[in-house]
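I opened this notebook to keep track of what I looked up, one topic at a time. The structure comes first, and my entries follow.

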Amino acid sequence: MTSVPNVVSWCDVQLTKDGVGICAPSVKLDNSTDISSVFKDKDKTYPVNGMATQGWFSVDFTLNDLNNVILIQGVYSRSNKFDGNLFPILTVQDMVSQVKPPALWLNIQLDIFFTQHNLSMRNFVITTSKSVIIDYISSPEVGFLRSIAGRVSPTKTKLIFRFMGKDVIEPSTNQTYGSLLKNLTFIKTFASGILVPKVYIWPIDASNYLQAYTSLVSDAHKAGLTVFAADFVNDVPLSYNYSFDPVAETLSYIDNGAFSVDGVLTDFPITPSAAIDCFAHVSKKSSGQATPLVISFNGASGDYPGCTDLAYSNAIQDGTDIIDCPVQMSKDGIPFCMSSINLIDNSNVATTPFRNLMATAPEIQSGTGIFSFSLIWSDIQNLTAAIASPYSSSFKIFRNPANRNVGRFLSLSEFLALAKNSSVSGVLISIEHAAYLANKSLGVTDAVLGALSKAGFSNQKEKKVMIKSTNSSVLMKIKENANYELVYEVDEGIRDATNATVLDIKRFADSVVVMKKSVFPTNLAFLTGVTDVVTKLHAFQLSVYVQTFSNEFISQAWDFFSDPTVEVNSFVMGGEIDGVITDFPKTSGSYKRNKCLGLGSKTPVYMSPVQPGSLMQVIPPPALPPAQAPYPVLTVADVVEPPLPVVQEATAPPPTGGSTATVPSQQKSGQPKLPAGIFLSSLALLLPTLFLL
């Protein structure tokens, strides 16, 4: 349903005790079924390729025995919520008649094992080929392929030799697969193609980085062999070179300027389908469609330490439309770019002598920190940047360790100079904690306006200037002094906003940033539906930008097939958002250039948005996650704030000898949310749109 029209369906064939061929990923059925619960004491130990292996084997059960056995999710990192659907084990004939695949691939992994149990895989394949069209037959056993080479039609059925690990011994020749790889002319005598682990083509070193590609594909093609690459899986960490983007990985095998494989074996067919049909052979100079606006999140912070020169320069190279600068203030009043006011989050400050500046600021955050306003700019410049890995503690998924501490931090003036002389269409400047900083004699809004004016951004139209804040008081002050696009950020999940609230937002903002869950709410990582938020904001002519889009599969709902491109496409095509804020701007930039956009009714299924809630509907009722309370409705009281306080005069000039260990005063930082005195009459609500596959 999500693949190219000529997709080939793969079946790992196992034989039952009565010689029936079934589709199961392993001869050990307990890896993929509930057989251990149905036949509790029927496990046995057999030699499999010379190794004693314990489990519930297909050879010990008839097809009738397996009628009460159901398929379950055998990969524990994937959701088991669908196990209760009682999916039966399919025979090869069942798979063909029920699924009706465009093409069929049978993989025979253990012919010798079945022979040892007096079962003939050769007879099964030859007999099946008379009633079912088998397009491909693969096996890692030379002897099996040679035994059927003359018994199946070479014009109808292609025989493919499957390579295992290079040090593994092929049982019928007693040679390693690495040795057989050097004799492709021998392989050609009984097979028309080879199936190899993808690392045979693009090796990966011990640090998970790509090495130079091998000559395997060109060598095999010269020998007259087609080449298929295996092990394409979205929900495992890919080589760091791919920035967690499985589309980028597929493209490296089919669109690299040097070679192309003839096919890929994948658990997630939507990804190579889109890569092959939509992303391959697209000019990198193509500007793509206008939407979504691609806005960086601390630059290309998925690959480099955020807000550094390298994060920004690579975001520009990656096709970002808008580069962002979250402005912090140093003790001596220099505005600079850093994602957090707490320097510990982005640098090595805690391991330097400045660790004695550890302090508390409960108005800003819980716990202690070393804050930007405690150090002068020259000291901050000398700190070592640190890449953010938001999924390292819970999931041990780390971002680009080779770039863990590269790059230098930029002042706001340096950032603006970089943007002005680059290809980006504009900048997004974020301002937070303005009231707190005013009480510390630091005027961040004035500093930003001054830097923009000095850099020549105040009287030009070539570059868009966007200023974002969660505080309406900040945007009101900016509006009184300059004419920039003002962006209001809603930093909590919401399901809607009252008409009066949206009208109030329009007084000080031109666009709104919301969280992903405010568009597509989730429950245990399953999409539950679509809110009215985007529809409502659009009805009042407010643009909607959504954050934060990351490439790590763990950051995405199950519905998106562990593919960041599917997620972006669903928010753009289905959620109708205007822009994405992302720490991996290369993925969204590539998405804008793909060939399958703007096709209307001709849009292929693999580039159609997912239907929110569709997977939830497949979960059996007993396995459904508990219902969650709905997100709140944004009200006027959530938005309205008093004006920013006047910046307090400094009691003493900044010290010239460096930063000191002054503890921040306990001033109130945020602005209290005040109810509006007048509520406007309600406007008619627009109906939410339902987006179907």
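**Entry 1: cis peptide bonds.** I began with Thr 548, which lies in strand β25, residues 543-549. I keep in mind that I am reading a predicted model. The peptide bond that leads from Gln 547 to Thr 548 is cis, and its omega is near -10°. I then found a cis peptide bond between Thr 291 and Pro 292, where omega is about 0°. Pro 292 sits in the loop between α10 and β13, the latter covering residues 293-296. I noted both places because most peptide bonds are trans.

**Entry 2: positive phi.** Which backbone angle stands out at Leu 86? Leu 86 is not a glycine, and yet its phi is positive, at about 60°. I located Leu 86 in the loop between β4 (51-55) and α2 (92-99), and its relative accessibility of 56% means that it counts as exposed. Asp 231 is not a glycine either, and its phi is positive at about 80°. Asp 231, however, is found in strand β11, and with 40% relative accessibility it counts as partly exposed. I wrote these down because most residues other than glycine have a negative phi.

**Entry 3: the sheet around β11.** I found an open sheet of 8 strands with mixed pairing, in the order β2-β1-β5-β6-β7-β10-β11-β12. The edges are taken by β2 and β12 (263-266), each of which has a single partner strand, so one side of each has no neighbour in the sheet. From one strand to the next, the twist averages 30°. Strand β11, residues 226-232, pairs with β12 in the parallel sense over 3 bridges, and the partner of Phe 228 in β12 is Gly 263. I also looked for what lies across the sheet's other end, and noted helix α4 (residues 121-129), which lies across β1, β2 and β6 (136-139) and runs at about 140° to β1.

**Entry 4: nonpolar cores.** Phe 228 turned up again when I looked at Ile 194. Leaving out residues up to four places away in sequence, Ile 194 touches Phe 228 and a number of others, including Ile 160, Phe 161, Phe 163, Leu 184, Leu 216 and Val 227. Which residues have the most contacts inside the largest nonpolar core? They are Phe 161, Phe 163, Ile 194 and Ile 201, in a core of 149 residues. Helix α16, residues 444-454, gives the most to this core, with 6 residues. There is a second, separate core of 13 residues, and among its members are Met 338, Phe 354, Leu 357 and Phe 409.

**Entry 5: disulfides.** How many disulfides does a search of the whole structure find? I counted 3, and with the bonded cysteines numbered along the chain, they follow the pattern 1-2, 3-6, 4-5.

Cys 11 is joined to Cys 23, with an S to S distance of 2.1 Å; the link is left-handed, with -105° about the S-S bond. Cys 11 belongs to strand β1 (residues 8-15) and Cys 23 to strand β2 (residues 21-23), 12 residues apart, and both cysteines are buried.

Cys 278 is joined to Cys 596 at 2.0 Å from S to S. The torsion about their S-S bond is about -90°, so this disulfide is left-handed. Because Cys 278 lies in helix α10 (residues 270-279) and Cys 596 in the loop between α21 (585-592) and β27 (633-634), the pair ties together parts 318 residues apart in sequence. Cys 278 and Cys 596 are both buried.

Cys 325 and Cys 337 form a disulfide with sulfur atoms 2.0 Å apart, left-handed with -105° about the S-S bond. Since Cys 325 is in strand β14 (residues 322-329) and Cys 337 in strand β15 (residues 335-337), the pair ties together parts 12 residues apart in sequence. With 0% relative accessibility, Cys 325 counts as buried, and Cys 337, at 0%, counts as buried too.

Key:
Residues are numbered from 1 along each chain as its sequence is written. This is a predicted model: local features need pLDDT of at least 70, side-chain atom pairs count only at pLDDT 80 or more; totals for chains, interfaces and linings use all residues. Side-chain values use heavy atoms; hydrogens and water are left out. A nonpolar core is a set of buried Ala, Val, Leu, Ile, Met, Phe, Trp, Tyr and Cys residues joined through side-chain atoms within 4.5 Å. Buried means under 20% relative accessible area, exposed over 50%, partly exposed in between (1.4 Å probe, protein chains only). Helices (H or I, at least four residues) and strands (E, at least two) are DSSP runs, numbered from the N terminus. Contact means heavy atoms within 4.5 Å. A disulfide is a pair of cysteine sulfur atoms within 2.5 Å. Two strands pair if DSSP finds at least two bridges between them. Axes are lines fitted to C-alpha atoms, for helices over the stretch in contact, and angles run from 0 to 180 degrees between N-to-C directions.
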